[in-house]
Amino acid sequence: MQPTTAEEFAHLAQELELVSAADLQTAWAELGGHNVPVEDLGNHLLRREVITGYQLDRLRRGDRRGYFFGSAKILYQVGAGSFARVYRAVNVNNGTMLAVKVLRNRFTQDAEKCRWFRREGEMGRLVRHPNICAIEDVGQENNSIYITMEFVEGQTLRELIKIRGAIDPGRAINLLDQMCGGLEYAHRRGMTHGDIKASNVLVSSVGQVKLVDFGLARIDADTADKALGNTKTDKGENLRTLDYATLEKLAGMKDDGIRSDIYFLGTMGYIALSGASALVESRDRAVRADPRRYTSVVPLHTRAPGVPRDIIDVINRMMHLDPMERFQTVSDARRALEPLLEKYPIGTGLTGTDHAAATGAQAAGEAATVAEPPPANPSKKRAIMLVETTGRAQQQLKDFFGKLGFRVLLTENPQRALARFSTTPLPADCLVISTQSLGDEAIDAFNKLTTDPFFSQVPAILLVGQKQRELVEKAVLDERRRVLVTPFHTRQITDMLGELVGESG
Ligand SMILES: Nc1ncnc2c1ncn2[C@@H]1O[C@H](COP(=O)(O)OP(=O)(O)OP(=O)(O)O)[C@@H](O)[C@H]1O
Ligand SMILES: [Mg+2]
C-alpha cells in the first residue's frame, strides 16, 4: 500500500530495513516532528544519503520488493537488455560494490530460461580471470532469479564507440588483446562465450577489459532456432544466439563455438577501429537471421582507410566467412596481435580516420603526438556541467553559477557526465560535481578523472558539503582537479574557475 503520511513511509522504510531507528530519529528531529508531508521525509532521507532515488521511488509507490537480492542492496539501475535488468548494488556484508543482473519478470514463468540463467551463472563462478567479469553469486529472491557480479566502473565498448567514435589503433588492439586473454582462458576450460558483442565488453575506467555474460547466450537459443526455421531445438550444450546460429548455418558448421567466438571477436576489432558495426544492426529477428548480414560486410579498409594494413589483415582473418580460414584458436589470434601491440603503442592519439595523414610524419622518424584539443572560442560564453541530484540544490547552484556568467548544463548522473566528457569537443569548460546527495558516488566519478588518461584535459571541481568534510580526504587532486567545501566565498570559486578555465563570461 502506498504510504500517505510520513509516519507510514517511515514505518515501511524501517520494516524493509532501508532505514534504521537512529536514522529516523535524526530525521524527525531535523524536520521538527512527525507531522510533515510524506515528500519532506523522503527528500530528507535522500539528501542525507540514507536512501537512494531508486529506493525512494519504490517506497513512495509502496513497493515491498526489489530492494535486496541476497546480500546485495540495490542502489539504482544501470542498464537493461532483452533478458535482464542490471543494477548497481552494495554488498551489505562488506560494503563492496556489486552489479546485480535480474532476469526480467516475463521470463520468470519460463522454467527452462530460469534454469539456463541459473546454470550459466553457476558455471560463470568457475571462471576467474582479470578479463572476465567475476560472478559472485546466483540466487532467487521471491520469484526473481539474479546473478551478482563484480561491478565494473566504466563503460561498455558500445557506449565508448557511440561517444568517442573510432578508437586509436594502439588502444583498439590493446582492448582486443585483453578480450583474447579472457576468451583464451575460458576456451581452454571448455567454455565458449557465445554472445560476444559490444555491450558484453566492459571497459573499466582504467582501460581494463571485462567480458560479461559468458554462456548466457543459450537463453536466446530456442528463439534462434525458431527464427531459422529449425524444428528441433537442441537442448544440449551448444545452444547459440541468433547471430551465432546464422553465421554457423551460412558457413555450414554447426556448434562451431570457438571459431564463432573468434569471428565475433573480429567484429569487436572492426567496431573499435572504424567506429561502425560490421554487421547491420537490427532488433528484427528476420534481419538477424538473414545470411546477407554476413556476406555484405563493408570491408574494414573502406570504413577506416587510415588503419594500418597489418592490423586490418588480422581482423579480416578473424572475420573470415570460411571458419577454416580464420585463426583456429584464440591463442593463434593473440600471437598475431603481439607484434602489433609493440608496433602501435597506446595513445598515439590516432583514429582510424586520421591515421593516414600522420603516418607520413611517422615515416619521417617523428613520433606521433596526441592532438591538442582546439582552443575554446574566447568570445563564447563559458559553460560548466553540474552534477547534483536534488532539485533544490540544483537550482541554487545553477543560479549561483549563472550569476557568475556561466552557462550551466545539469545532470543527475555522474557516470553520464563522465561519458559526455569523453567526447571532443568537451561539452563544457569545467565539470562541477557536488557530493551533497551523491556522497561517495561523486568521489568515485571525480577520482576517475584523475586516474583515467582519457580525462586528463578535463578541469573539475568537487563541491563538498560542510557536514561531509571527511569526503575531502578521499578526493584525488591534481592541477586540474580542485575541491571546495561549502559554504564558500564567491571569490574562492571565481579564482578557482579563473585558474582552471580562464575568465568567466
Ligand atoms: N558487471 C557490470 N558492471 C557494470 N555494468 C554492467 C555490468 N554488467 C552489465 N552492465 C551494464 O548493464 C547493461 C545491460 O546489460 P545486459 O547484459 O542486460 O544487456 P545487453 O548486453 O546490453 O543486451 P542484451 O540483453 O540484448 O544482451 C550493459 O549494457 C552494461 O551497461
Ligand atoms: Mg549483456
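Modeller: Domain 2 (68–150) and domain 3 (154–350) each contribute at least three residues to the shell around ligand 1; these domain bounds come from an automatic or database domain assignment. The model is predicted: local features need pLDDT of at least 70, side-chain atom pairs count only at pLDDT 80 or more, and totals for chains, interfaces and linings use all residues. Residues are numbered from 1 along each chain as its sequence is written, while chains are lettered from A and ligands numbered from 1 in the order in which they are written.

The shell comprises 19 residues, and the closest to ligand 1 are Gly-79, Gly-81, Val-86, Ala-99 and Ser-199; a residue is near a molecule if its C-beta atom, placed from the backbone, lies within 6 Å of it. By type, twelve shell residues are nonpolar, six are polar and one is charged. Here Ala, Val, Leu, Ile, Met, Phe, Trp, Tyr, Cys and Pro count as nonpolar, Asp, Glu, Lys and Arg as charged, and the others, Gly among them, as polar.

At least two shell residues come from each of strand S2 (72–80) and strand S3 (84–91), and S2 supplies the largest share, three residues. Strands (E, at least two residues) and helices (H or I, at least four) are DSSP runs, numbered from the N terminus.

S2 and S3 belong to an open sheet of six strands in the order S1-S2-S3-S4-S6-S5, with antiparallel pairing; two strands pair if DSSP finds at least two bridges between them. At the edges, strand S1 (68–69) and strand S5 (135–141) each pair on one side only. S1 is joined to S2 by two bridges, and Phe-69 stands opposite Ala-72 in S2.

Leaving aside residues up to four places away in sequence, Met-268 touches Leu-157, Leu-176, Met-179, Ile-196, Ala-198 and Val-201.

How values were computed: Two residues are in contact if their C-beta atoms, placed from the backbone, lie within 7 Å.
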